[in-house]
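Here is a guided walk for someone meeting this model for the first time. Keep the picture open as you read, and follow each residue as it comes up.

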Amino acid sequence: MEQPQPQPPAGSLSWRLSSHPITLLTFLAFRISSLLVYLFGLLLLTNSMVLIFIITILLLAADFYYLKNIAGRRLVGLRWWNEVDASTGDSQWVFESSEPGTKVVNATDSRFFWLAMYSQPILWVALAIVAIVSFNFIWLPLVAIALVLTITNTLAFSRCDKFSQASNLAGSALYSGNLAGSIASNMVGRLFTFGR
């Protein structure tokens, strides 16, 4: 008689525990594919730099788009974009997070997301160091583009996560225990007793 295999604990790194396995696997495929094309292209296709460059850039762009618009929203409930004021030309980052009661973030999805988010820029920095040490300066523009795209997404999602946590904390503080009412009554009371 076969005994059922024990289920790994929640939050472990098993894609089978994901709430969105197709989104997670696509996200990981985009994250890994640009690195693999760059690495194996250097090792196997050293005479075709243009092909490696173009394929890696396309994979990095697809990863940037998919992460920013699809994977971030589905896996951790976060999204960001940049708005430019037409009259002044000022740039402003806008962060969006799902409502705490409507979206429950799966611990496995979150671990995969943040692990892949922070590990890829570190790997590209290591590849930049390898390119510098081995005097392959011709590959540095590609690595620089990869660093810009991955670090931009990493910083934006980190800020979005901090914004989300701060908003949730402020929202729960204002709506629990009639804190808003006591703050408002204290402020109004101080306004009328200011000159006495």
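Leu43 lies in helix H1, where helices are DSSP runs (H or I) of at least four residues and strands are runs (E) of at least two, numbered from the N terminus. Leu43 is exposed, with a relative accessible area of 64%; exposed means over 50%, buried under 20% and partly exposed in between, using a 1.4 Å probe and protein chains only. Together with Ile32, Leu36, Phe40 and Leu44, Leu43 forms a nonpolar patch on the surface with about 540 Å² of accessible area. Such a patch joins nonpolar side chains (Val, Leu, Ile, Met, Phe, Trp, Tyr) within 5 Å, or like charges within 9 Å, from residues with over 30% relative accessible area and no salt bridge. The areas come from the Shrake-Rupley method with a 1.4 Å probe, and for residues only the protein chains shown count as cover.

Before going further, a word on what you are viewing. This is a predicted model, in which local features need pLDDT of at least 70 and side-chain atom pairs pLDDT 80 or more, while totals for chains, interfaces and linings use all residues. Residues are numbered from 1 along each chain as its sequence is written, and side-chain values use heavy atoms, leaving out hydrogens and water.

Along the sequence the pattern is α-α-β-β-α-α-α, which comes to 5 helices and 2 strands.

Now look inside. The largest nonpolar core has 19 residues, and Phe27, Leu67, Phe113, Trp114 and Phe157 touch the most other members. A nonpolar core is a set of buried Ala, Val, Leu, Ile, Met, Phe, Trp, Tyr and Cys residues joined through side-chain atoms within 4.5 Å. The largest share of this core, 6 residues, comes from H2. H2 also bends by about 50 degrees at Leu67, the bend being the angle between axes fitted to the seven residues ending there and the seven starting there.

Which residues are joined by charge? Asp63 forms a salt bridge with Arg31, with the closest N and O atoms 2.7 Å apart; a salt bridge needs a side-chain nitrogen of Lys or Arg within 4 Å of a carboxyl oxygen of Asp or Glu. Asp63 lies in helix H2 and Arg31 in helix H1, so the pair ties together parts 32 residues apart in sequence. Asp63 is buried at 2% relative accessibility, and Arg31 is buried at 3%. Glu96 forms a salt bridge with Arg79, at 3.7 Å between the closest N and O atoms. Here Glu96 is partly exposed at 34%, and Arg79 is partly exposed at 28%.
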